[in-house]
Amino acid sequence: MSGMAGQKSSLTWAVNLSVVALVLLWTIPTFGLLVSSFRDADQLSVSGWWTSLTTTDRNIVARAAAPDSQVQDGDVWVIAGNIFEGEGSVSAFGVRAQDPTAFAPGETAEMSKGRTMTVEADGSYRITSPEEHSSRRGPRIFATSAEPPKFTTQNYNTVLYSEGIGRSFLNTFTVTIPATIIPILIAAFAAYALSWMEFPGRALLLAMVVGLVGCAFADVADPTSQAL
Amino acid sequence: MEQLIWAVVTMAIGVGVCLLYFWGSNRVLDGIYPARGPQAGANILRANAVRPWLFLGPAIVILTIYLVYPVFNSIWLSFTDPAGRAFEGFANYTQLFGDAKFAESLRNNILWLIVVPAASTFFGLLAAALTDRIAWGNFAKSLIFMPMAISFIGASIIWKFVYDYRGEGSDQIGLLNAVVTSFGVEPQAWITLPFWNNFLLMVILIWIQTGFAMVILSAALRGISEETIEAAVLDGASPLQIFWKIKVPQIWGTIAVVWTTITILVLKVFDIVLAMTNGQWGSQVLANYMFDKMFRANDFGLAATSALVIMAMVTPIMIWNIYEARKDMK
């Protein structure tokens with residue numbers, strides 16, 4: 001529209017806004033995939049990609065260390081440890097699956113048989129019992145962990161170094177490169193013949209070629225796959 | 001490394017043989033009928049009679065093997081039993097037209113045929129008309145065109161993230177559900193809603209094809225002669241009038257081409273349905289129905305019959321295309 005006389009539309013801002021809206025509508029789905037590809041697989045399945053910059057709450061179930069690591073501390077037996085392997089932050093915890101957010105970090109929860117459990121915000125826990133802990137496995141700890149935004153290239157690592165990926169890349173190129181060049185070559189020569197050379201049956205051939213363009217791949221796939 | 005060498009060799013042989021054929025056959029023809037000497041005139045005439053067939057040869061052979069033969073074979077298969085051997089008459093046709101799933105596919109295909117080409121062309125025209133007027137138009141165009149570069153399966157994965165549904169109470173990770181829940185509406189398992197899910201799947205194809213329509217129509221809009229628009233401006237036409245009464249009539253031919261191209265594509269649509277619903281919840285389409293019959297039910301007869309139905313639906317467009325092509329030739 002440039003260089004046209006008297007064409008300074010007063011609606012320019014409306015046009016700009018509509019284009020912005022269109023572009024956003026058309027790119028957001030792909031952008032979501034892009035963001036998702038950099039997110040941690042665990043976070044990905046519990047929160048939307050648009051929350052990736054905020055902290056997410058994740059419910060985790062940890063098991064305390066086995067009772068054979070217990071130590072006697074005064075008149076109680078204590079199992080201590082940390083529910084996180086790396087870093088983390090507990091926003092609530094509980095001792096029963098039905099009520100995983102019953103206690104705030106730092107509080108002391110009463111358990112059966114006079115035992116108590118304390119989970120600190122940094123994930124360290126301390127379970128005390130008046131008698132020696134007897135069960136083979138440590139008690140379960142239910143915690144809600146507030147996870148900071150976490151971006152990772154792990155997904156790309158997994159894909160790029162997975163078994164057979166090199167072969168797939170190679171196959172893709174082996175197929176796409178000749179499949180681009182050869183049809184163009186064949187079609188260019190055919191098109192040249194059809195448009196610049198006079199020969200009997202030219203119109204019929206052209207009609208056939210144009211008509212066949214509409215052939216559903218289905219018609220082709222069916223008998224071809226049968227022939228194989 | 002060995003694989004890489006083989007890949008390069010394969011590509012080189014494929015392209016090389018093709019090039020060699022055109023170059024070599026042309027050389028040989030010139031050798032047999034040299035355009036000099038006492039018979040130069042007659043030789044040129046003879047060579048010119050043969051040359052078109054040399055150039056057309058590969059195209060004709062490939063089209064015959066991969067398009068003409070399969071069509072005729074489909075017709076034969078549609079009259080045979082599932083294994084494609086014994087002749088069965090019209091049994092496949094009666095079975096097909098009695099199948100509720102086929103009726104559903106036919107209905108959905110007609111919906112697709114109406115909605116997708118219309119919407120893609122409309123949005124394409126809108127995007128083309130708007131982006132032509134602004135400074136960052138080319139940037140906007142490339143963003144809108146981007147989905148064209150994504151395979152249908154890839155696009156389906158992208159849109160799975162949009163339509164994803166999580167049970168009530170847990171956070172929605174699908175964009176659409178997140179939007180509706182923020183308005184206080186119940187989250188829905190979108191792609192399982194009978195009838196409406198068809199439209200949600202169509203959105204994916206519209207999203208892909210708008211870029212295509214936009215690029216072609218934008219080129220057409222730029223090809224309009226400035227004089228007609230200037231004349232309209234001087235006559236005091238409003239921008240809307242200029243668009244609908246001056247520009248659109250002049251690119252009508254291009255709109256029709258875009259429309260029919262997308263229509264043909266829609267008739268072949270299958271990847272999106274396969275990836276999103278696989279035809280469940282009332283969203284089956286003909287091409288996926290055919291795929292189902294062929295590779296899951298292993299019924300070649302029925303698959304060929306549904307393929308022919310798809311072809312019958314394309315035929316009017318093919319005839320129209322031929323008609324247009326012939327008009328151009330004159």
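This is a predicted model: local features need pLDDT of at least 70, side-chain atom pairs count only at pLDDT 80 or more; totals for chains, interfaces and linings use all residues.
**Notebook: exposure, helix packing and a sheet**

**Entry 1**

B:Trp196 has its place in helix 8 of chain B.

Next I turned to B:Phe195, which lies in the loop between helix 7 (175-182) and helix 8 of chain B. Is B:Phe195 buried or exposed? I recorded 12 C-beta neighbours inside 10 Å, so B:Phe195 counts as exposed; the cut-off for exposed is 12 or fewer. I also looked up its backbone: B:Phe195 has a positive phi of about 70 degrees, although it is not a glycine.

**Entry 2. Helix 6 and helix 8 of chain B**

I followed helix 8 of chain B (residues 196-223) to its contact with helix 6 of chain B (residues 152-163). The two axes come within 11 Å and cross at roughly 130 degrees. With that angle, helix 6 of chain B is oblique to helix 8 of chain B. I noted the crossing of these two helices as right-handed.

Which residues of the two helices meet? From helix 6 of chain B I listed B:Ala155, B:Ser156, B:Trp159 and B:Tyr163, and from helix 8 of chain B I listed B:Leu200, B:Ile204 and B:Ile208. By class, this contact has six nonpolar residues, one polar residue and no charged residues.

**Entry 3. The contact of chain A with chain B**

I then looked up the contact between the chains, which takes 62 residues from chain A and 73 residues from chain B. On the side of chain A that touches chain B, at least two residues each come from helix 1 (12-37), helix 4 (165-196), helix 5 (202-212) and helix 6 (217-227) of chain A. Helix 4 of chain A gives the most to this side, with 15 residues. I sorted the residues of this side by class and recorded 41 nonpolar, 18 polar and three charged.

**Entry 4. Helix 4 of chain A against helix 2 of chain B**

At what angle does helix 4 of chain A pack with helix 2 (residues 40-77) of chain B? I recorded about 130 degrees, with the axes 8 Å apart. Helix 4 of chain A is therefore oblique to helix 2 of chain B, and the crossing is left-handed.

**Entry 5. A sheet in chain A**

Finally I traced an open sheet of five strands in chain A, which has the order 2-3-7-6-5 and antiparallel pairing. Strand 2 (71-73) and strand 5 (108-110) of chain A stand at the edges; each has a single partner strand, so one side of each is left without a neighbour in the sheet. Neighbouring strands of this sheet are turned by 30 degrees against each other on average, direction ignored.

I looked up one pairing in detail. Strand 2 of chain A and strand 3 (residues 76-82) of chain A run antiparallel and are joined by three bridges. Which residue is the bridge partner of A:Val71 in strand 3 of chain A? I recorded A:Val78.

Key: Residues are numbered from 1 along each chain as its sequence is written. Chains are lettered from A and ligands numbered from 1 in the order in which they are written. Two residues are in contact if their C-beta atoms, placed from the backbone, lie within 7 Å. Helices (H or I, at least four residues) and strands (E, at least two) are DSSP runs, numbered from the N terminus. Ala, Val, Leu, Ile, Met, Phe, Trp, Tyr, Cys and Pro count as nonpolar, Asp, Glu, Lys and Arg as charged, and the others, Gly among them, as polar. Two strands pair if DSSP finds at least two bridges between them. Axes are lines fitted to C-alpha atoms, for helices over the stretch in contact, and angles run from 0 to 180 degrees between N-to-C directions. Angles under 35 degrees count as roughly parallel, over 145 as roughly antiparallel, 65 to 115 as roughly perpendicular and the rest as oblique. A crossing is left-handed if the near helix is turned anticlockwise from the far one by less than a right angle, and right-handed if clockwise. A residue is buried if 20 or more other C-beta atoms lie within 10 Å of its own, exposed if 12 or fewer, and partly exposed in between; C-beta atoms are placed from the backbone.
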